[in-house]
Structure formats: structure tokens, C-alpha cells
Amino acid sequence: MQWLSLFTLIDQLNVGSDEHRQNVEHVIWEAFGVTRAIVALDMSNFSLFVRRNGILPYLCKVRRMQQLTSPIVLACRGEIVKYEADNMIAVFADCADAVTAAVQINQACERLKATADASQHFAVSIGIDYGKFLLIPNEDCFGDAVNRAHKLGEDLARGGEVLVTQDV
């Protein structure tokens with residue numbers, strides 16, 4: 001439902017005068033704008049693992065990642081925005097809580113190696129940024145902070161690493 005209202009407003013940005021567009025932008029930022037820490041998590045070696053073992057074993061790992069990360073995020077006062085493929089996006093009001101959650105997630109992945117068989121092991125890479133962005137709770141988010149967290153978590157961090165921006 002919130003998607004519909006956001007995209008209805010975005011459609012209004014494509015029409016009307018400059019003043020009208022400025023008013024609509026203001027309405028969008030008032031309704032959906034937040035300033036928070038954003039955590040982008042990516043499971044390591046997705047393509048290689050799927051090629052070697054097939055999609056179903058990897059989906060088992062993805063589900064295990066979801067089950068492992070959700071209680072940690074919630075315990076650290078964060079909220080899951082979404083899980084998509086082998087990724088997780090979460091938001092936190094406080095940067096320290098975001099970093100704590102990221103460290104605890106990596107620690108939980110390490111503990112899993114000691115207690116489960118090798119088919120259950122996985123590593124994650126995590127990027128964290130802080131800034132203003134658009135948030136549709138439990139659905140999606142958009143903005144520079146989101147893009148930077150994704151860049152760190154998906155492209156630059158290796159399995160077991162947490163990378164943060166200077167803003168964090």
C-alpha cells in the first residue's frame with residue numbers, strides 16, 4: 001500500500017510546474033524520509049556455490065542466514081527492511097547498534113562453523129552507512145546511503161568483513 005502512495009507521488013513529479021514538483025518532493029521526503037544507519041548484507045560466493053551444488057542447497061543456506069540474522073537485528077534495536085535473494089537490508093536508529101549487529105552476525109556465522117556440518121556454513125560481507133534516504137518500512141529503501149552500504153557490502157567487503165563509511 002505504501003508503494004502505491006510513493007509511486008503515485010513520483011508520477012506527480014513527472015508533470016506540472018517546477019513549484020508543483022518541489023511541493024511533491026517535500027511531501028515525499030516528509031512521508032518517507034528518514035536519517036538512519038543502513039546495513040547491507042550479502043552472502044559470499046553465491047554464484048560459485050550454486051554452480052557447484054545447485055540452487056536448492058544454496059536456498060537452504062539463504063534460509064539459514066535469514067533465521068540467524070533476524071533475531072540479532074531485532075535484539076540490536078534494528079528492523080529488517082527486506083531479504084532479497086542472498087541479501088539483507090536492515091535499518092537502525094543508532095550507528096553503534098548497526099555495527100554491533102554486524103559484528104554479532106559475523107560471530108554467529110563463525111560459531112555455526114563449529115557446530116554444524118560443512119553444508120550449513122556460510123560467510124557474509126556487510127556494508128554500513130548513515131544518512132538520509134527514503135524508507136518504505138518492510139518493503140524497500142532508496143538513496144545515497146543505501147547505495148553506499150550496498151557498494152561496501154556487495155562489492156568491496158569479503159566474507160567475514162564489515163566495512164563502514166566515515167559517516168558511521
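Keep in mind that the model is predicted.

Start with the helices. Two packed helices are described by the angle between their axes and the distance between the axes. Here the pair is helix 4, residues 55-75, and helix 5, residues 95-115. Their axes come within 10 Å. They cross at roughly 140 degrees. The cut-off for roughly antiparallel is over 145, so helix 4 and helix 5 count as oblique to each other. As for handedness, helix 4 passes helix 5 in a right-handed crossing.

Who makes the contact? From helix 4, take R64, L68, T69, I72 and V73. From helix 5, take A101, Q104, I105, A108, C109 and L112. By type, that contact has eight nonpolar residues, two polar and one charged.

Now the cores. In soluble globular proteins, nonpolar side chains tend to be buried together. In this model the largest nonpolar core holds 28 residues. Which of them touch the most other members? They are M88, F92, I105, F122, V124 and I126. Five elements come up here: strand 1 (33-43), helix 4, strand 3 (87-92), helix 5 and strand 4 (124-136) each give two or more residues. Helix 5 gives the most, with eight.

Look at F122. Leaving out residues up to four places away in sequence, F122 touches M43, K61, R64, M65, L68, C109 and L112. Of these, R64, L68, C109 and L112 are also in the contact of helix 4 with helix 5.

Last item. Another core, of twelve residues, lies apart from the largest one. Its members include V34, V81, F133 and A149.

Key. Residues are numbered from 1 along each chain as its sequence is written. This is a predicted model: local features need pLDDT of at least 70, side-chain atom pairs count only at pLDDT 80 or more; totals for chains, interfaces and linings use all residues. Side-chain values use heavy atoms; hydrogens and water are left out. Axes are lines fitted to C-alpha atoms, for helices over the stretch in contact, and angles run from 0 to 180 degrees between N-to-C directions. Helices (H or I, at least four residues) and strands (E, at least two) are DSSP runs, numbered from the N terminus. Angles under 35 degrees count as roughly parallel, over 145 as roughly antiparallel, 65 to 115 as roughly perpendicular and the rest as oblique. A crossing is left-handed if the near helix is turned anticlockwise from the far one by less than a right angle, and right-handed if clockwise. Contact means heavy atoms within 4.5 Å. Ala, Val, Leu, Ile, Met, Phe, Trp, Tyr, Cys and Pro count as nonpolar, Asp, Glu, Lys and Arg as charged, and the others, Gly among them, as polar. A nonpolar core is a set of buried Ala, Val, Leu, Ile, Met, Phe, Trp, Tyr and Cys residues joined through side-chain atoms within 4.5 Å. Buried means under 20% relative accessible area, exposed over 50%, partly exposed in between (1.4 Å probe, protein chains only).
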